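Welcome! Please take a moment to look at the sequence and the model before reading on.

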Amino acid sequence: RVILAYLVSAYGKDENLYPKDFRSRAIVDQRLHFDLGTLYQRVVDYYFPTIQLGAHLDQTKKAKLAEALGWFEAMLKQYQWSAANHFTIADIALCVTVSQIEAFQFDLHPYPRVRAWLQKCKDELQGHGYKEINETGAETLAGLFRSKLKQ
């Protein structure tokens, strides 16, 4: 997330991906922090004990992940994208996390805005190697998770 901000600040052709306006940037930063500190952390808490240790899934942790997805669903009411009415680095970071959740086959049906936003992100990133860069790795990790469930 930090390297995204650095690279776009240093080499971006414009400020759409990471706005220079303080208020707009603060919203992008908030979404980046939400991704790392809440959404991604809850993915790790729920799935990684199974992946790393073969532990049973904890339904309490599943509920916490669902709660975070509900918060993200609510955030998506405010803008066309996660942090603005245009695509930003927050969308890139959150797309990686949400696409991993999707690959794990977590039920995203209760989150129609999240599902629609994720598809928009995939469409936006398709010409930039989304499948090779993100989808393949997400499916690989999900396959590892599913193999641990069978043990």
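The model is predicted, so to speak of local features a pLDDT of at least 70 is needed, side-chain atom pairs count only at pLDDT 80 or more, and totals for chains, interfaces and linings use all residues. Residues are numbered from 1 along each chain as its sequence is written, and side-chain values use heavy atoms, with hydrogens and water left out.

**Asp-35**
- Asp-35 sits in helix α2, residues 22-53 (helices are DSSP runs of H or I, at least four residues, numbered from the N terminus).
- Asp-35 is buried, at 0% relative accessible area (buried means under 20%, with a 1.4 Å probe and protein chains only).
- Its side chain makes a polar contact of 2.6 Å with the side chain of Thr-97 (a pair of N or O atoms within 3.5 Å, one able to donate a hydrogen and the other to accept it).
- Leaving out residues up to four places away in sequence, Asp-35 touches Arg-1, Tyr-40, Gln-41, Ala-93, Leu-94 and Thr-97 (contact means heavy atoms within 4.5 Å).

**The α2 and α4 pair**
- The axes of α2 and helix α4 (residues 89-103) come within 9 Å and cross at roughly 15° (axes are lines fitted to C-alpha atoms over the stretch in contact, with angles from 0 to 180 degrees between N-to-C directions).
- The two helices, α2 and α4, are therefore roughly parallel to each other (angles under 35 degrees).
- Residues making this contact include Phe-34 and Asp-35 of α2, and Ala-93 and Thr-97 of α4.

Definitions and conventions. Buried < 20%, exposed > 50% of the residue type's maximum accessible area, 1.4 Å probe, protein only. Parallel < 35°, antiparallel > 145°, perpendicular 65-115°, else oblique.
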